[in-house]
Amino acid sequence: MPPLSNVQQRDIDSVFHPYTPLHKLGETGTLVVDHGKGVFITDTQGNEYIEGMSGLWCAGLGFGDEELIDAATEQLRTLPYYHLFAARGTEPAIELAEKLKELAPVPISKVFFTSSGSEANDTQVKLAWYYNNAVGRPEKKKIISRQKAYHGVTIMAASLTGLGPNHKGFDLPVDGVLHAECPHYYRNGLDGESEAEFTARMATSLSELIEREGPETIAAMIAEPVMGAGGVIVPPKGYFAAIKPILDEHDIMLIDDEVINGFCRTGNWWGAQTHGMVPTTMSVAKQLTSAYAPLGAVMVPDDIYQAFVDYTSRLGTFGHGFTYGGHPLGCALGVKAIEIYEKRDILGHVRSLAPLFERRLTALAEHQLVGEARFSGLVGGLELVADKATKRAFDPASGVGAKVSSLIEKRGAILRPLGDTIALCPPMIIKEDELNALFDRLEGALDEAEGWVAKEGLRG
């Protein structure tokens, strides 16, 4: 490895990096990004990359969009900050809430603003608890999530997350969080079991979990339509239709985590529409502003909101909120981002590119290193395996996913390894030639990685 540049050394000396093997930073260095335009970013060494992950699933309109920059500048000049506490309001927050209500796939009464998806999902749990206290069911508090789910990293959101690295060393998950089985047919289907039979078994397993715990103790289930950071896991057909009656039977809310799925990503405005999910409440963030400012939101129906109104008449006030929740800069950018999604027909563009995205991913499923290709709209994943026939995974210590990611980076593209799944989530503005270039670089990296795997004897 070449010596670290001055800016890389300054970075390592001063910045505490999240989601990073901290013990390896001195030998691997960091990629310090200088600027971006469209689907490309450029580092401080002048190297250009296709940003194939939209940053962290969020920069759906790419980098340097002048309309968003102008909207931000205008809002900063007009009102750089104000809050929504104590019955205060701002025009950007009002306008964005109105727009989200209009776009929602189910009837929504009110929008509660946060600064992030983690805060939104944390708020969802607090609201579920508050609601059940309000309606006289103080024992109905447990929350069901799923293995391999990702819902954030605050204490409660990380508990909902069903991934080991988010729990180990942090004394998580907290009590009251349950994890149902992961609906990943490729990995968890039984020999000879059809996808329909697998879906039915997942529904039965959820029903049994509810009965064991006691339905009177369970407030809600939270689910991503497509599970993002857990490996881009697309649910089997009919999954949400199968579990919804079970939840309804026991008056268990279904919280839709649209933080990655929302705003055209899966080929509809909402992942819930793509995958047949009918939620009670919704969490949004990320592409809400195309990541040009931090913002999240929780969307609630009228019956739940009216229960809050009645309860606060007894308690005196609603005691929850964030200093930056509904920040006028973020809300102005949210309004502008939605305007852009609509007037530029980003949804139509995603739908037009989805067949090419699917073809290129499906072709890579034939690669010796790949066990399964998964996709929904313009989000996808390639699961790397040691043995295609048996689906045997590589030893995690071999770091095959990380190696493929580093080889892709050397070819001028950024993709994210989720263990041994390579995730793709390009900006939704990507053009056909740029998308093909991204896949060409990925294919070249896989070919080189295959030689490395054979040379190192990593198939065991």
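An open sheet of 4 strands is ordered β11-β12-β15-β14 with antiparallel pairing, where strands are DSSP runs of E of at least two residues, helices are runs of H or I of at least four residues, both numbered from the N terminus, and two strands pair if DSSP finds at least two bridges between them. The edge strands, each of which pairs on one side only, are β11 (370-376) and β14 (416-418). Neighbouring strands of this sheet are turned against each other by 25° on average, direction ignored; axes here are lines fitted to C-alpha atoms, for helices over the stretch in contact, and angles run from 0 to 180 degrees between N-to-C directions. This is a predicted model, in which local features need pLDDT of at least 70 and side-chain atom pairs count only at pLDDT 80 or more, while totals for chains, interfaces and linings use all residues. Residues are numbered from 1 along each chain as its sequence is written, and side-chain values use heavy atoms, with hydrogens and water left out.

Within the sheet, strand β12 (residues 379-384) and strand β15 (residues 421-424) pair in the antiparallel sense over 4 bridges, and Leu 382 stands opposite Ile 422 in β15. Helix α15 (residues 400-410) packs on the sheet, touching β12, β14 and β15, and its direction makes about 40° with that of β15; contact means heavy atoms within 4.5 Å. Helix α14 (residues 346-364) lies across β11, β12 and β15 and runs at about 170° to β11.

Helix α15 also meets helix α16 (residues 432-456), their axes coming within 9 Å and crossing at roughly 130°. The two helices α15 and α16 are therefore oblique to each other, given that angles under 35 degrees count as roughly parallel, over 145 as roughly antiparallel, 65 to 115 as roughly perpendicular and the rest as oblique. The residues that make the contact include Val 404 and Leu 407 of α15 and Leu 446 and Trp 452 of α16.

Elsewhere in the chain, 4 bridges join strand β1 (residues 33-37) to strand β2 (residues 40-43), and these two strands run antiparallel. Gly 36 has Ile 41 in β2 as its bridge partner, and in the hairpin of β1 and β2, with 2 residues between the strands, Gly 38 takes a positive phi near 65°. Strand β2 also pairs in the antiparallel sense with strand β3 (residues 48-51), over 3 bridges, and Ile 41 stands opposite Tyr 49 in β3.
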